[in-house]
Amino acid sequence: MKRSTINQIIHEGDAFIRSFGYVLPPFAYLSPDEMRARRGEISGIVEAGLGWDVTDYGQGRFDDLGLFLFTVRNGRAEDLSRGRGMLYAEKAMISRRDQLSPMHRHVVKAEDIINRGGGSLVLELFMSDESGAVDETAEVRVPTDGVWRTLPAGGRLKLEPGESVTLLPGVWHAFWAEDADVFIGEVSTVNDDRTDNVFREPIGRFAEIEEDEAPLHLLVSDYDRLLG
């Protein structure tokens, strides 16, 4: 993806989120120079992977295959393994109309996916077989706002604004917005996007960036290279 495209997506995404009365935390608006100057002070942001995340999954087709994310808070894997401490994470996301977030599952993370506003959010769901691969035959049973729903393998669950679904580790899911762009909330256990995403197809988690202009804000995937 071109950096100029990412900058525009960040600008539009921030405005879309604000239209629902949700305001991102102050660190969202730090410039790259401010982050470098305050590197020691913001170590908690960098180490937890908080901030902007725009991905086309390395495929170069963001409008068709992509997702906008902002990680607002994130706990520590060490706390999760001990069973106490900051065990949770939160993201704000945007799925554009007919934009696919591809089929994947998590090994550790359990998550609530919440339609916070906009169009309908559609999820295609499968269970895992004994090897962890997609089970093409098993029914899928998931809780939606405290009510259990059962779908056939590959069934599509539609969430209207205000509705949510809980996805436990091993539940394969792909999703997209229908009718209009959707503002999505994600509340989960500790999030590790580098190691805890298993995709059905051999694709990447982060975008490959062409630096055609300076970044408006750094992406989480920029931190190692540009902040150290």
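We'll stop at one residue, then move on to a pocket.

A bit of housekeeping: this is a predicted model, where local features need pLDDT of at least 70, side-chain atom pairs count only at pLDDT 80 or more, and totals for chains, interfaces and linings use all residues. Residues are numbered from 1 along each chain as its sequence is written, and side-chain values use heavy atoms, leaving out hydrogens and water.

**Stop one: select Asn197**. You'll find Asn197 in the loop between strand E11 (172-189) and strand E12 (198-199); strands here are DSSP runs of E with at least two residues, helices are runs of H or I with at least four, and both are numbered from the N terminus. Is Asn197 buried or exposed? Its relative accessible area is 18%, so Asn197 is buried (under 20%; exposed is over 50%, partly exposed in between, with a 1.4 Å probe and protein chains only).

Now show the side chain of Asn197: it reaches the backbone oxygen of Asp193 at 3.0 Å.

**Stop two: the largest pocket.** Select Glu47, Ala48, Gly49, Asn74 and Asn191, the closest to its centre of the 22 residues that line the largest pocket. A pocket is an open set of points on a 1 Å grid over the protein atoms alone, where a 1.4 Å probe fits, with protein on both sides within 12 Å along at least five of seven lines; lining residues have an atom within 4 Å of a point. Finally, colour H3, which gives the largest share of the lining, 4 residues.

Definitions and conventions: Polar contact = N/O pair within 3.5 Å; in protein donor to acceptor, adjacent residues only side chain to side chain.
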